[in-house]
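Subject: Structure for you to look at

Hello,

Here is the structure I said I would pass on. My notes on what was found in it follow below.

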Amino acid sequence: MDFNAPPIGIYIRVVAIISLLLGLNDAARLLGVNLGAVSPISTMGMTGFVYLGIFCLARLFAAVGLWIKASWGAALLVGSTSVELLLYLLRNNDVQMSAVGFAIRLVLLASILIIFILSIRLSRARAAD
């Protein structure tokens, strides 16, 4: 995929910033920033803590990949966000998110899929010329 096209470049950077902010929010939840003296592991459980750690790292790495316009960043973001949303929709008790968090993840997933579609259309337009 050609993520270096000018119209797509800005859009990718915005998605990278959103992914970075979500990853940092997850990292704050892992550290127990708003929990006081309560351990995040006791609040979420060990499996929930591990899930959140995996999704946090995947989202942070995806943000870096998107910022440098590497296709692996988009693939990592689609994969991790899809798995997280699927686990949440299947009512897995270990994956917890608010309604706003769910909406942001849906928008993030839709955004990256739009980037894939736009890059395919631009590559086909270049090939036709």
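**The cavity**

The largest cavity has a volume of about 90 Å³. A cavity here is a set of points on a 1 Å grid over the protein atoms alone where a 1.4 Å probe fits but cannot get out; the volume is the space filled by probe spheres set on the points, which are joined across faces, edges and corners. Please note that this is a predicted model, in which local features need pLDDT of at least 70 and side-chain atom pairs count only at pLDDT 80 or more, while totals for chains, interfaces and linings use all residues. Residues are numbered from 1 along each chain as its sequence is written, and side-chain values use heavy atoms, without hydrogens and water.

Searching the whole structure gives one cavity of 30 Å³ or more. Its lining (residues with an atom within 4 Å of a point) consists of Arg29, Met44, Gly48, Tyr51, Leu52, Phe55, Glu84, Asp94, Val95, Gln96 and Arg105. Helix 3 (residues 46–67) gives the largest share, four residues. Helices are DSSP runs of H or I with at least four residues, numbered from the N terminus. By class, the cavity lining has five nonpolar, two polar and four charged residues. Ala, Val, Leu, Ile, Met, Phe, Trp, Tyr, Cys and Pro count as nonpolar, Asp, Glu, Lys and Arg as charged, and the others, Gly among them, as polar.

**The pocket**

A pocket is an open set of points with protein on both sides within 12 Å along at least five of seven lines. The largest pocket holds about 160 Å³ of space. Among its lining residues are Asn25, Ala28, Gly32 and Asn34. Arg29, Met44 and Gln96 line the pocket and also the largest cavity. Helix 1 supplies three residues, the largest share of the pocket lining.

**Helix packing**

Helix 1 (residues 6–31) packs on helix 5 (residues 99–128) at about 155°, with the axes 11 Å apart. Helix 1 is therefore roughly antiparallel to helix 5 (an angle over 145 degrees). Axes are lines fitted to C-alpha atoms over the stretch in contact, and angles run from 0 to 180 degrees between N-to-C directions. Residues in contact (heavy atoms within 4.5 Å) include Ile8 and Tyr11 of helix 1 and Ile104 and Arg105 of helix 5. This contact has 13 nonpolar, three polar and two charged residues.

Helix 4 (residues 71–89) also packs on helix 5, at about 145° and with the axes 10 Å apart. Glu84 of helix 4 and Arg105 of helix 5 are among the residues of that contact.

Regards

Notes. Helix = DSSP H or I, 4+ residues; strand = E, 2+ residues; numbered from the N terminus. Parallel < 35°, antiparallel > 145°, perpendicular 65-115°, else oblique.
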